[in-house]
2 protein chains.
Amino acid sequence: MGAVKSKRVPRAVREQQMLDAAVRTFARRGYRAASMDEIAEGAGVSKPLVYLYLNSKDELFSAVIRREAAALVAAVTAAVEPEAPADRQLWSGLTGFFAHTAAYPDGWAVLHQQARTHGEPFALEVAAMRAEIVEFVTDLIGAAAKEAGCAGELADREVAGLGHALVGAAESLAEWANSPAASGVYGAGERPSAKDTAATLMNFAWAGLGRMTDGERWSPGG
Amino acid sequence: MGAVKSKRVPRAVREQQMLDAAVRTFARRGYRAASMDEIAEGAGVSKPLVYLYLNSKDELFSAVIRREAAALVAAVTAAVEPEAPADRQLWSGLTGFFAHTAAYPDGWAVLHQQARTHGEPFALEVAAMRAEIVEFVTDLIGAAAKEAGCAGELADREVAGLGHALVGAAESLAEWANSPAASGVYGAGERPSAKDTAATLMNFAWAGLGRMTDGERWSPGG
């Protein structure tokens, strides 16, 4: 049956169905426990067809990571208004990030929790995507410091550190927003909206950055 | 030779040497590529002795995670001055966190990058440790909001979100501070000190929190 069905569907469409099933399975079971049987069943095709199209579990995982990373970067990029002031760009980028990770929780789980550890090629793809986002955020923080008329006030090393801090904060919030724990705070079955989550982080980050560019510092003595 | 040597060293000491070697190997090679041969060699013992003491690669990995997670929580806990105001507690906790992750980069890499994905038992141990730290930080943020006389101003859901944001920011900064990329900003061979990194995050977080408890909000219109 599977073989007859698969002839009617173009290869490109079938491959996307296989990747959809693979994202679900990898996110829920982890790489090691994920079975090609479950992925084939989820895609409604025979296991040999999955191997014919995508060769091996490793290559399937790699294709999943590439697709999910590209989709996340595209969503963030599309959300940003390139001509807007730095704070507005950061806000729209964060909103795009939280909207995408909420809409594709399995894709986000694979990128954030699964991909980093399974050997060089996977880890490097995710690291490259992350570096791209960190660079974008770091540039915006630098631009914001400049717009506030305080270039030099924030040293380069602090700007670089803040870029990493903000991306890590966003990753952690996205994981939390998709977790059952967030439902505990927001009420059963409810999740924070992408805008709520973006607003929480933006308030925190932008206010903090504003005070820093104003030259205010927290000091252990104070 | 190994067998003769191993008889002279108490089992508890030998086990710690095996765990030391295992942390290095898991951090550098990842779980899958890590070989028991390399771990045994690193510990200066025979491979059968590693199996005799720690049973399997899985159990060795589990023992590593438990030891490294306990050490990290102990370092953070010891650094905090429990009677101090909330900001001072957070500052000392962050300093303890960054000092420990800088001193034990391999342990941190295993906890942060390796442990989350290798099946339920490992992921659950790390998740439990992380939940403990998130709860501590969230309580401090809540206490700070209260000290600032602004309880109610920050909704519970925002406080919970900020706890996750701050922990994610700290994790990301610790990874960055240990990476070659940080050397690029700080000069060859140099790394940000634990106090520098804690100060960057504390300035950012505390200033942001201060503005939020003052009722200031970033708004997309502004």
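This is a predicted model: local features need pLDDT of at least 70, side-chain atom pairs count only at pLDDT 80 or more; totals for chains, interfaces and linings use all residues.
**View 1. Helices α6 and α9 of chain A pack against each other.**
Two packed helices are described by the angle between their axes and the distance between the axes. Here α6(A), residues 86-103, meets α9(A), residues 156-177, at an angle of about 30 degrees, and the axes sit 10 Å apart. Angles under 35 degrees count as roughly parallel, so that is what we call α6(A) and α9(A). Their crossing is right-handed. On the α6(A) side, look for A:Leu90, A:Leu94, A:Phe97, A:Phe98 and A:Thr101; they meet A:Leu166, A:Ala170, A:Glu171, A:Leu173 and A:Ala174 of α9(A). Sorted by class, the residues of this contact are eight nonpolar, one polar and one charged.

**View 2. The largest cavity is lined by residues that include B:Phe97 and B:Ile133.**
The model has nine cavities of 30 Å³ or more, and the largest holds about 270 Å³ of space. Its lining takes in 21 residues, with B:Phe97, B:Ile133, B:Val167, B:Ala170 and B:Glu171 nearest the centre. Helices α6, α7, α8 and α9 of chain B each supply at least two lining residues, and α8(B) gives the most, with seven. The lining has 15 nonpolar, three polar and three charged residues.

**View 3. The second largest cavity has A:Phe97 among the residues nearest its centre.**
This one has a volume of about 200 Å³. Its lining counts 16 residues, and nearest the centre you'll find A:Phe97, A:Ile133, A:Val137, A:Val167 and A:Ala170. Two or more lining residues come from each of α5, α6, α8 and α9 of chain A. The top contributor is α8(A), with five. By class, the lining splits into 13 nonpolar, one polar and two charged residues.

Notes. Residues are numbered from 1 along each chain as its sequence is written. Chains are lettered from A and ligands numbered from 1 in the order in which they are written. Side-chain values use heavy atoms; hydrogens and water are left out. Axes are lines fitted to C-alpha atoms, for helices over the stretch in contact, and angles run from 0 to 180 degrees between N-to-C directions. Helices (H or I, at least four residues) and strands (E, at least two) are DSSP runs, numbered from the N terminus. Angles under 35 degrees count as roughly parallel, over 145 as roughly antiparallel, 65 to 115 as roughly perpendicular and the rest as oblique. A crossing is left-handed if the near helix is turned anticlockwise from the far one by less than a right angle, and right-handed if clockwise. Contact means heavy atoms within 4.5 Å. Ala, Val, Leu, Ile, Met, Phe, Trp, Tyr, Cys and Pro count as nonpolar, Asp, Glu, Lys and Arg as charged, and the others, Gly among them, as polar. On a 1 Å grid over the protein atoms alone, a cavity is a set of points where a 1.4 Å probe fits but cannot get out, and a pocket is an open set with protein on both sides within 12 Å along at least five of seven lines; lining residues have an atom within 4 Å of a point. Grid points are joined across faces, edges and corners, and a volume is the space filled by probe spheres set on the points.
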